[in-house]
Each structure stands twice: as structure tokens, then as C-alpha cells.
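Trainee: Could we go through this one together before I write up my notes?
Mentor: Gladly, ask whatever comes to mind and we will take it topic by topic.

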Amino acid sequence: MIPPEELSWRFSRSSGPGGQSVNTTDSRVEVSYDLAGSDALGPVLKERALRALADRLADGVITVAASEHRSQLRNRERRLADKQRRSQIKRLRRPDHD
């Protein structure tokens, strides 16, 4: 198990498409782990990890990034679904004129 104090977290703004809040919301995270300098793994596991991750390491540190951006199509579909729900609510409020 990797001790939490050996992980380095960095939050930033995600690039890519978005809405009005795209430049104000931190929607990207990077987690870095100094595999070469860590004492959390035994020597055998550490050596195996260093070999397996050699192409992803920078000076013995592995960094994993995750980001989220909004899809224009998904936003449009959600907006249309909200309009349909609102229309249904208003339709149900009308008195029947039979």
C-alpha cells in the first residue's frame, strides 16, 4: 500500500470544450508518485515496477492525469430533456376544455 504522504496532488483547469464555467472550475487532477524514491515497496516489487513502467517514468516519478470536459451534444440533449419535462408540467396544470 502506498502511504498518502508519498502522493503529490495537483489540480488545474481542464482544457477542451466546456461551458461558461470551464475557466473557473478545477476539473483536472494529476497525481504523482516517486516510485524510485519510495520505501513503500520492497526491493523486488520496486524493481519490477520500475521495469514495467520505465516508459512512463520521468526521473523515477510516475504521473497520472485525469480530466473532465463537457460535451456540447450531451449538454444540448440535457437542455432539450429539461424543456420537455417543463412543458409536461405546464401541460398538466391546464384545465381540460372538453
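**A helix pair, then the sheet**

Mentor: Let me begin with Arg51, which is exposed at a relative accessible area of 57%; keep in mind throughout that we are looking at a predicted model.

Trainee: OK, and which residue does Arg51 form a salt bridge with?
Mentor: The partner of Arg51 is Glu47, and the closest N and O atoms of the two are 3.9 Å apart. Glu47 is partly exposed, having a relative accessible area of 41%.

Trainee: Where do Arg51 and Glu47 sit?
Mentor: Both belong to helix α1, which covers residues 43-52, and because they are four residues apart there, about one helical turn separates them.

Trainee: How many salt bridges does the count come to?
Mentor: The count comes to four salt bridges, and one of them joins Glu30 to Arg10, with 3.7 Å between the closest N and O atoms. Glu30 lies in strand β2 whereas Arg10 lies in strand β1, so this pair ties together parts that are 20 residues apart in sequence.

Trainee: Is Glu30 buried or exposed?
Mentor: Glu30 counts as buried, because its relative accessibility is 15% and the cut-off for buried is under 20%.

Trainee: And what about Arg28, what does its side chain meet?
Mentor: The side chain of Arg28 meets that of Glu30 in a salt bridge, at 2.9 Å from N to O. Arg28 itself is partly exposed, with a relative accessible area of 26%.

Trainee: How many bridges join β2 to β4?
Mentor: Seven bridges join strand β2, residues 28-34, to strand β4, residues 61-67, and the two run antiparallel. Among the facing residues, Arg28 stands opposite Ser67 in β4, while Val31 has Val64 in β4 as its bridge partner.

Trainee: And how many for β3 and β4?
Mentor: Two bridges join β3 to β4, again with the strands running antiparallel, and Ala58 has Val61 in β4 as its bridge partner. These strands, β3 and β4, form a hairpin with two residues between them.

Trainee: What is the phi of Asp59 like?
Mentor: The phi of Asp59 is near 55°, which is a positive value in a residue other than glycine. As background, most residues other than glycine have a negative phi.

Trainee: Where is Asp59, then?
Mentor: Asp59 is in the loop between β3 and β4, and this residue is exposed, with a relative accessible area of 80%.

Trainee: Last topic, how many aromatic pairs does a search of the whole structure find?
Mentor: The search of the whole structure finds one aromatic pair. Trp9 and Phe11 form this pair, which is stacked, with 6.4 Å from centre to centre and 10° between the planes.

Trainee: Are Trp9 and Phe11 buried or exposed?
Mentor: Both Trp9 and Phe11 are exposed.

Conventions:
Residues are numbered from 1 along each chain as its sequence is written. This is a predicted model: local features need pLDDT of at least 70, side-chain atom pairs count only at pLDDT 80 or more; totals for chains, interfaces and linings use all residues. Side-chain values use heavy atoms; hydrogens and water are left out. Rings of Phe, Tyr and Trp (its six-membered ring) pair if their centres lie within 6.5 Å; planes under 30 degrees apart count as stacked, over 60 as edge-to-face and the rest as tilted. Buried means under 20% relative accessible area, exposed over 50%, partly exposed in between (1.4 Å probe, protein chains only). Two strands pair if DSSP finds at least two bridges between them.
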